[in-house]
Amino acid sequence: MSPDDQPAASSRLAGHDLTLAYDKRTVATHLTVAVPDRSFTVIVGPNACGKSTLLRALSRTLKPTAGQVLLDGRDIATLPARQVARTLGLLPQSSTAPDGITVSELVARGRYPHQGLLRQWSPEDERVVAESMAATGVADLADRTVDELSGGQRQRVWIAMALAQQTPLLLLDEPTTYLDLAHQLDILDLCATLHQEQGRTLVAVLHDLNQAARYATHLIALRAGTVLAEGPPADVVTPELVRRLFELPCRVIDDPETGAPLVIPAARRRRDVLPVIPGR
Amino acid sequence: MTVIRFGSRSGTGRGIGSGWSFRYRPRSLAAGAATALTALVVSVLSLGSGDYPLSPAQVLSALAGSGTPAEDFVVDQLRLPRVVTALVVGAALALAGALFQSLVRNPLGSPDILGFTQGADTGALLVVVAGGSTLALAEGAVAGGVLTGAAVCALAWRGGLHSGRLVLVGIGAAAMLTGVNGYLLTRASQMDAARAVLWLTGSLDGSGWGDALPLLIALVVLVPAVLGGCSRPLHLLELGDDTATALGVRVGPLRLALLAAAVLLASLAAAAAGPVSFVALTAPQLARRMTRALGPNLAVSMATGAALLVTADFAAQHALPGRQLPVGVVTGLLGGGYLAWLLATETRAGRI
């Protein structure tokens with residue numbers, strides 16, 4: 001399965017021949033990916049494989065050293081910033097909520113790309129903010145300050161802000177980090193709802209391969225800046241791939257709950273016996 | 001944590017053709033109006049006091065050009081330039097301070113701490129040592145401030161402007177330039193050194209229209225651009241660079257443009273009145289506490305700065321009978337004392 005199998009027409013967002021680097025440290029070269037429209041795409045891979053870097057490039061918060069990110073076929077760097085912000089939303093890994101800001105005030109800031117100098121606040125803005133808070137289940141918290149919320153609630157509020165942007169594409173950088181298992185699933189359920197019921201295209205970076213396999217409709221497996229495999233989880237997640245991706249012997253069984261592939265890492269004593277196929 | 005909140009109400013109106021609408025906070029509006037009114041009242045009092053005392057009514061009629069020739073002369077020619085200089089310097093310093101504090105996300109981010117004021121001092125002192133005129137001194141201050149601003153930003157630049165690096169480089173530059181300034185003072189002749197020290201304290205003594213005009217022009221150009229065009233993106237910048245970018249803010253150009261505007265305002269203010277201490281640091285903090293609003297509070301900060309400086313200058317002229325103080329001494333005492341008192345009461349109330 002290579003990126004070339006994806007018909008270009010069905011991808012509003014794609015990276016073409018990207019070289020990604022921080023200062024002088026190159027993370028990826030000649031990386032080409034396409035996000036299928038209306039998919040819930042999840043990027044997985046070992047630490048430092050470049051998955052967050054790729055997401056940052058796709059969301060134009062990192063400028064590629066070479067290559068282009070294409071949004072609707074046009075180089076994202078050349079498009080007006082606010083026009084992009086009406087098409088593509090981002091939940092970054094870290095954001096700072098100003099001291100004392102309330103939930104509704106924070107969510108309202110997501111309306112910026114739709115506002116103008118003279119039309120700064122309309123009934124439409126009011127309605128979308130209320131809808132976004134309702135969709136993420138934070139409507140009851142509207143007048144609370146963000147500082148006093150729990151980690152899970154706070155993450156929902158940030159997602160509500162991104163929803164208020166009303167973008168058909170939404171990128172999430174490790175949305176479940178620092179949350180306990182129940183809250184991780186809570187956020188992923190919310191993502192699945194946004195994908196299925198609102199028809200948005202979602203791209204997320206996740207650490208947990210099993211969660212990725214359960215929720216994603218399209219997986220991109222990245223190692224050392226190279227796409228090892230991509231496609232539906234049922235096709236992609238195999239013992240062979242997990243060995244190449246994480247250098248980890250494992251079995252893959254059907255998840256008894258959902259039927260999705262479920263990775264069972266080999267027990268410690270068996271890990272030395274099973275051959276490890278080097279990656280790359 | 002107790003947080004007192006005033007809900008944002010929507011004020012919606014209809015313009016010609018397409019609808020326009022905006023949100024305002026009643027408390028911010030009231031705070032802005034109250035400080036602006038304070039500035040005006042103190043200005044009128046200040047215009048009326050001195051060796052030739054005038055009632056507020058006489059001052060107002062002189063301002064309208066319908067007073068006696070003597071009143072018109074005293075108010076319009078002698079006292080007005082000084083009061084106007086105080087108002088514009090206060091407003092400019094406060095705007096510069098509010099911009100810096102917001103851009104570096106640090107309440108200590110003010111031109112006095114980031115080295116730009118020291119740079120203006122160096123420029124002015126170089127002119128003093130070279131035996132230049134007062135006009136050249138002002139030009140030296142602007143050049144010194146702008147050059148230091150450019151140098152600090154260039155040194156802190158690494159694929160983008162990082163606030164932490166900017167503060168550190170700025171503090172380093174301030175320390176170096178303070179040393180240079182001390183050396184320049186020792187090189188100046190005794191009379192020049194005395195003149196330089198008075199300027200370094202910040203003084204509105206003998207301010208004329210020539211001092212206020214460049215700053216007034218800069219304010220007329222920059223204020224609509226900054227308050228109209230940049231205030232909302234600046235609010236978003238507080239959410240972090242990535243979030244601001246995701247919301248459609250061009251973070252790099254915005255930060256650079258606002259830094260340039262703030263450096264220019266601080267340098268021109270220093271040229272007009274010397275490095276008046278503490279206004280840039282205090283005014284935004286006072287404004288923030290009065291409005292209890294998020295974000296940089298640019299307009300209210302400006303009104304606060306103008307009120308603070310014109311009040312300080314009024315006090316400087318009349319606090320000690322028969323003796324005038326440099327305004328910088330009073331702004332330090334007044335602004336610093338008020339801020340310390342506010343912080344103390346807020347700490348006691350469990351807020352910070």
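In the predicted model, Ile253(A) of chain A has Leu262(A) in β12(A) as its bridge partner. The two strands involved are β11 (residues 250-254) and β12 (residues 261-265) of chain A. They pair in the antiparallel sense, over five bridges. Six residues lie between the strands of this hairpin. One residue of the hairpin, Gly259(A), takes a positive phi near 85 degrees.

Chain A also holds an open sheet of four strands. The strand order is β2-β1-β4-β5, and the pairing is antiparallel. β2 (25-35) and β5 (74-75) of chain A stand at the edges. Each has a single partner strand, so one side of each is left without a neighbour in the sheet. Seven bridges link β1(A) and β2(A), again in the antiparallel sense. Ala14(A) stands opposite Ala34(A) in β2(A). Helix α1(A) packs on this sheet. The helix touches β1, β2 and β4 (66-71) of chain A, and its direction makes about 120 degrees with that of β1(A).

Strand β1 (residues 13-22) of chain A contains Asp17(A). Most residues other than glycine have a negative phi. Asp17(A) is not a glycine, yet its phi is positive, about 50 degrees. Asp17(A) counts as exposed because it has 12 C-beta neighbours inside 10 Å.

A second open sheet in chain A has six strands. Their order is β6-β7-β8-β3-β9-β10, with mixed pairing. The edge strands are β6 and β10 (226-231) of chain A, and each pairs on one side only. Direction ignored, neighbouring strands of this sheet are turned by 15 degrees against each other on average. Within the sheet, β3 (residues 40-44) and β8 (residues 201-205) of chain A run parallel and are joined by four bridges. Ile43(A) has Val205(A) in β8(A) as its bridge partner.

α1(A) lies across β3, β7 (169-173), β8 and β9 (218-223) of chain A. Its angle to β8(A) is about 145 degrees.

How many of the eight residues of helix α1 (residues 51-58) of chain A are buried? Seven are, so the helix is largely enclosed by the rest of the structure. The buried residues are Lys51(A), Thr53(A), Leu54(A), Leu55(A), Arg56(A), Ala57(A) and Leu58(A). Arg60(A) follows α1(A) and has a positive phi, near 55 degrees.

In chain B, the analysis turns to helix packing. Two packed helices are described by the angle between their axes and the distance between the axes. The axes of helix α1 (residues 26-48) of chain B and α12(B) come within 8 Å and cross at roughly 25 degrees. That angle makes α1(B) roughly parallel to α12(B). The crossing is left-handed. Residues of α1(B) in the contact include Ala31(B), Gly32(B), Thr35(B), Ala39(B) and Val42(B). Among those of α12(B) are Val300(B), Ala303(B), Ala307(B), Val310(B) and Phe314(B). By class, the residues of the contact of α1(B) with α12(B) are twelve nonpolar, eight polar and one charged.

α1(B) also packs against helix α2 (residues 56-63) of chain B. Here the angle is about 95 degrees, and the axes are 9 Å apart. α1(B) and α2(B) are therefore roughly perpendicular to each other. Val44(B), Leu47(B) and Gly48(B) of α1(B) meet Pro56(B), Gln58(B), Val59(B) and Leu60(B) of α2(B). The residues of this contact divide into five nonpolar, two polar and no charged.

Another positive phi occurs in chain B. Arg292(B) lies in the loop between α11 (279-291) and α12 (298-318) of chain B. Its phi is near 50 degrees, a positive value in a residue other than glycine. With 17 other C-beta atoms within 10 Å, Arg292(B) is partly exposed.

Finally, the two chains touch. In this contact, 31 residues of chain A meet 26 residues of chain B. On the chain A side, the elements that give two or more residues are α2 (81-85) and β6 (88-91). The largest share, four residues, comes from α2(A). This side of chain A has twelve nonpolar, 13 polar and six charged residues.

Key. Residues numbered from 1 in each chain as written. Chains lettered and ligands numbered in written order. Predicted model: local features only at pLDDT ≥ 70, side-chain atom pairs only at ≥ 80, totals over all residues. Contact = placed C-beta atoms within 7 Å. Nonpolar A, V, L, I, M, F, W, Y, C, P; charged D, E, K, R; others polar. Buried ≥ 20, exposed ≤ 12 C-beta atoms within 10 Å, placed from the backbone. Pairing = 2+ DSSP bridges. Axes fitted to C-alpha atoms, helices over the stretch in contact; angles between N-to-C directions. Parallel < 35°, antiparallel > 145°, perpendicular 65-115°, else oblique. Left-handed = near helix turned anticlockwise from the far one by under 90°.
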